[in-house]
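Here are a few notes to read alongside the model. Have it open while you go through them.

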Amino acid sequence: MRLTLHIWRQKNAADKGRFVKYEVDSASPDMSFLEMLDFLNQQLIERGEEPVAFEHDCREGICGCCGVVINGIANGPERGTTVCQLHLRHFKDGDTLYIEPWRSRAFPVIKDLVVDRSALDRIMQAGGYISARAGSAPDANAVLIPKETSELAMDAAECIGCGACAAACPNGAAMLFVAAKISHLGLLPQGQPERYRRVRAMVRQMDREGFGSCSNHRECAAVCPKRISIRFIAQANRDFINAYLTHPQAASGKSKAAKR
Amino acid sequence: MRLDPKIPAGPLEEKWTCYRNTVKLVSPANKRLFTVIVVGTGLAGASAAAALGELGYNVLAFCYQDSARRAHSIAAQGGINAAKNYQNDGDSTFRLFRETLAGGDFRSREANVYRLAEISGGIIDHCVAQGVPFAREYSGYLANRSFGGSLVSRTFYCRGQTGQQLLLGAYSALCRQVGLGRVRILPRTEMLDLVVAGGRARGIIARDLVTGRIEALTADAVLLATGGYANVFFLSTNGKGSNATAVWRAYKRGAGFANPCFTQVHPTCIPRSGDYQSKLTLMSESLRNDGRVWVPKRKGDGRDPAGIPETERDYFLERMYPRYGNLAPRDIASRAVKRMCDDGYGAGPGGRGVYLDLTGAIARLGEDVIRERYGNLFEMYKRITGEDPWRAPMRIYPAPHYTMGGLWVDYGLQSTIPGLFVLGEANFSDHGANRLGASALMQGLADGYFIIPYTLGEYFAGATLDKVSPSDRPFVEVQKEVQEQVARLLAVKGKRTVDTFHRELGAVLWEHCGMSRNAAGLRAAVEKIRALRGEFWEDVRVPGSAPDFNQELEKAGRVADYLELAELMCRDALEREESCGCHFREEFQTTDGEPVRDDGRFCHVAVWEYAGEDREPVRHTEPLAFETVQPAERSYK
């Protein structure tokens, strides 16, 4: 296969960046998109040019490292796929592809196609957990969880934290990411004690990071490599409203800690 | 090199309890005075960092990825073992212990393996408490599946993404500690060397992968949870970034390297499709629960598999191993697959593949059940191959997957360097010569959540640690060496890319130190590796500069280490004149091709000591004593 690539090249965060055109000849349709970039990079190095920086690790669609915008679509034209699992057989011989990094205010570019997604980690650090100390748990079968609940929690828990949702959102919102975690933990009995504290803390941190607000464009769910449903956003919104209306922060008004 | 495994006295069942009862403790107020460096944030590293943070230690956690949630534990698919006996099918701590020991072909320590089995149940309890959404039955109770090498159903799972869910559980526990200020995570940072001062591990030299800045960091103890080295083969199921640099540098600073030749080749991976291939993808062993492995009975039968009638198929695992059938352990299944393909029965391009067929299971259980159990694996297979596994059987072939070898540790997970602890796949301890499926997740989390919190306290309580600073001589010297190595890589300015060397190295190892090994091949491999290493330092081309985000420079450093490690693997394989577990020496087999173990000469751990540049490493041994289970011939027939 022959492909014409316009790849975003940017030396570092301070550089303005630009598209550079490359021609790739003799690519195989069985190559993954990232293997095609490997192939290009080998040629660039041999020609004495700098290879294109892009993020990747597992190449099995689960680590969440990779992700680029291809012809305006985060993770490319195939639904439910990371770019490491996107194969060239889905493109046509002679295609022209524009390849860009995630575009989002909260994800500054580090180099070429690599962006800084540490904002997502900080949201998790604000409250994306159940506080359970090692050694303190009861027997695993002590709390029964209906299969339907557990399956639904798993649907939400499948999020790989790649950031495609925020990159695709016209508002730059990270709601699908945040809602998936809120729903995963909020659905399970173990997650109940911290349920409303969690949603408050995570949403607060999300706003601080400069992500936009959700206005139901549904672009996030369309590009999500794990096909996470936007129904979880509805669920998170409900929890968020509940957190403020029916679960006031300091019920007794005495405890400062309860306000957090 | 002194190899004292420090196994506690007493009966096997009571060793760990006795250890915990008598272990020295550090008072809660004093814990925050100790700084612990944890390198790697996979299951072992993240769980250790979180658990130590919970105890009040001051923890620095390093990972080379952009986030602590991405380590390759995340790709583990099938499940995690625990001796819960929730199925009432005869499981017990003792049975899990015995199966793991026998699965490792009696090349691991009884006391370690027993402790692992003993802890296994608590891991499941803890993960459920964290919110890991394990598969459940309609009643709400936890579900189990079977795995290779076992006659009971003890594997807990989250669809085909168990590793992901367990890692996200550990990562969220880690996140909580970051929020509480007890753990600091340094992502995009790679450990490039270990600093030993006053005879103890006291810090690391790390490179910031964004700015290229090389810095010395001090600590009171260093924990390596950096995973395995299967990527030495270039094509493996590991993540592209997984590497051996941390353990290799620790080895060169005095840590013993145990059983480097014990590398697991996993039977069920998607076969390679071309020369551009960058990695191999595993199809979970759990598929062998419901799938049947077969080849056509006629050599070179090129027919569409659906058109080959039952009578013309050879279900060779069921034929060769009637008792375990398709659930024969990995080493045994891999060799059987290789043998069928070598003999000309293989299917697909180049005859390098056998069928993994779930047609019968789909007909018996229905598409919905199979989709629920393996749906994501079917999708993954379809995406990679372009073939639909709902219509035709999958094709699979073995690929390097896991390394049982690693840095030697004692019962407390401490290496031969005081203050250097090694956890998870990076150590050698629990799997002997072959790891059973669903045991890696168990070991990583056992080490991190439940073992190191005790054994690290024992070390701190018994040691007098002087203050150290990055301006101390050992730190300055090692930092300088690291900077020189980086400069040397950039200065070669040769013609060949890093990847070409790595691919060539992988091909040599796969050929001579893969599923089948012999003395002549291993000797030839040592020569080839040396020559390739020489050429690397003469002709490698690393573009860009040091103070920059430079992925080629990262790769070059890792490949330079692989070129040394590969030689040690071959030497170790050469010295071990027996066939055991994954290590199959052609000279030591029965007439029908079964491995022949030599307990008289090799019932030990081989531990290699670095002796300096261009000097032969020294081979030491730790004898393995079996008091509870006598080594028997390992039979799955």
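1. Some terms before the strands: two strands pair if DSSP finds at least two bridges between them. Strands (E, at least two residues) and helices (H or I, at least four) are DSSP runs, numbered from the N terminus. This is a predicted model, in which local features need pLDDT of at least 70 and side-chain atom pairs count only at pLDDT 80 or more, while totals for chains, interfaces and linings use all residues. Residues are numbered from 1 along each chain as its sequence is written, with chains lettered from A and ligands numbered from 1 in the order in which they are written.

2. Now have a look at β11(B) (residues 263–269), which pairs with β15(B) (394–403) in the antiparallel sense, over 5 bridges. Across that pairing, Q264(B) has Y402(B) as its bridge partner. Strand β11(B) is largely enclosed by the rest of the structure, because 7 of its 7 residues are buried (20 or more other C-beta atoms, placed from the backbone, within 10 Å of the residue's own; 12 or fewer is exposed, in between partly exposed).

3. Two non-glycine residues have positive phi. R59(A), at about 55 degrees, sits in the loop between α1 (33–46) and β3 (69–70) of chain A, and is buried, with 26 other C-beta atoms within 10 Å. N88(B), at about 60 degrees, is in the loop between β3 (80–81) and α4 (93–103) of chain B. N88(B) counts as exposed, with 7 C-beta neighbours inside 10 Å.

4. How do α2(A) (118–127) and α6(A) (195–208) pack? Their angle is about 150 degrees and their axes are 8 Å apart (axes are lines fitted to C-alpha atoms, for helices over the stretch in contact, and angles run from 0 to 180 degrees between N-to-C directions). The two helices are therefore roughly antiparallel, the label for angles over 145 degrees. Among the residues that meet are I123(A) and A126(A) from α2(A), and A201(A) and M202(A) from α6(A). By class, this contact has 5 nonpolar, 2 polar and 4 charged residues (Ala, Val, Leu, Ile, Met, Phe, Trp, Tyr, Cys and Pro are nonpolar; Asp, Glu, Lys and Arg charged; the others, Gly among them, polar).

5. Last, the interface: 62 residues of chain B are in contact with 63 of chain A, contact being C-beta atoms, placed from the backbone, within 7 Å. On chain B's side, α6(B) gives the most, with 9 residues. That side has 24 nonpolar, 23 polar and 15 charged residues.

Note on methods: Parallel < 35°, antiparallel > 145°, perpendicular 65-115°, else oblique. Contact = placed C-beta atoms within 7 Å.
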